[in-house]
Amino acid sequence: MSEEKEINENIKNFEKERQTKKELPKDVEEKINKKVFENLIIANLVMLFLYFIGLGALNIETNIFLTDLRVFSVALIAFTIILFEYSYRKENGNICIHGIESLVLSIFVLLSISLYTIYLKKFHMIVASVSLIFAIYYVAKAIIIYRKMKKQYIAGLNDIGEIIKK
């Protein structure tokens, strides 16, 4: 009878220990949230930028708007080059990914000059669609980052590898 109680107690202790390992410590959770919020802030900035481009298409004179698009595209390409150079110097893949995302945005802004002249009436819908695509991308990226970092933390707690080595 006492063996049965001991087994049940061990099972309960094991379950409690397993639950505490699944819960993330405060510092790890803050690190994960920082990365997730970083991507969500970038998503909001990109959407805000594209929103202002859509507003500009509706409210600014055509010649001035096309000049603005050219300036924005050159500025974004310069920003992209700076991001790539910085990521190369720091050997940081995360910054390189942000550089690729910036490159995609700058290509869209460069293409938007032609899109505006060809699809004048539908341009604001095109910009809204691209903004939605960027939003979906960044939200999906944030979810993937959260899951991946949580899985890495939990895998780091697994001590089976150490047991096998012994």
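Predicted model: local features only at pLDDT ≥ 70, side-chain atom pairs only at ≥ 80, totals over all residues.
Which helix does L45 lie in?

View 1. L45 sits in helix α2, which covers residues 26–59. With a relative accessible area of 54%, L45 is exposed, because the cut-off for that label is over 50%. Together with F37 and I41, L45 makes a nonpolar surface patch of about 320 Å².

**View 2. V36, a buried residue of α2.** Helix α2 also holds V36. Is V36 buried or exposed? Its relative accessibility is 12%, so V36 counts as buried, the limit being under 20%. Now look for A142: V36 and A142 are 106 residues apart in sequence, yet their C-alpha atoms are 5.0 Å apart in space.

**View 3. Helix α2 against helix α3.** Here α2 meets helix α3, residues 62–90, and their axes come within 10 Å. The two axes cross at roughly 160°. That angle makes α2 roughly antiparallel to α3, since anything over 145 degrees counts that way. As for handedness, α2 passes α3 in a left-handed crossing.

**View 4. Helix α3 against helix α4.** Next along is the pairing of α3 with helix α4, which spans residues 93–118. What angle do α3 and α4 pack at? It's about 165°, and their axes are 8 Å apart. So α3 is roughly antiparallel to α4. The crossing of this pair is left-handed.

Terms used. Residues numbered from 1 in each chain as written. Heavy atoms only, no water. Patch = residues over 30% accessible without salt bridge, like charges linked within 9 Å, V, L, I, M, F, W, Y side chains within 5 Å. Areas by Shrake-Rupley, 256 points an atom, 1.4 Å probe, with all protein chains shown as cover. Salt bridge = Lys/Arg side-chain N within 4 Å of Asp/Glu carboxyl O. Helix = DSSP H or I, 4+ residues; strand = E, 2+ residues; numbered from the N terminus. Buried < 20%, exposed > 50% of the residue type's maximum accessible area, 1.4 Å probe, protein only. Axes fitted to C-alpha atoms, helices over the stretch in contact; angles between N-to-C directions. Parallel < 35°, antiparallel > 145°, perpendicular 65-115°, else oblique. Left-handed = near helix turned anticlockwise from the far one by under 90°.
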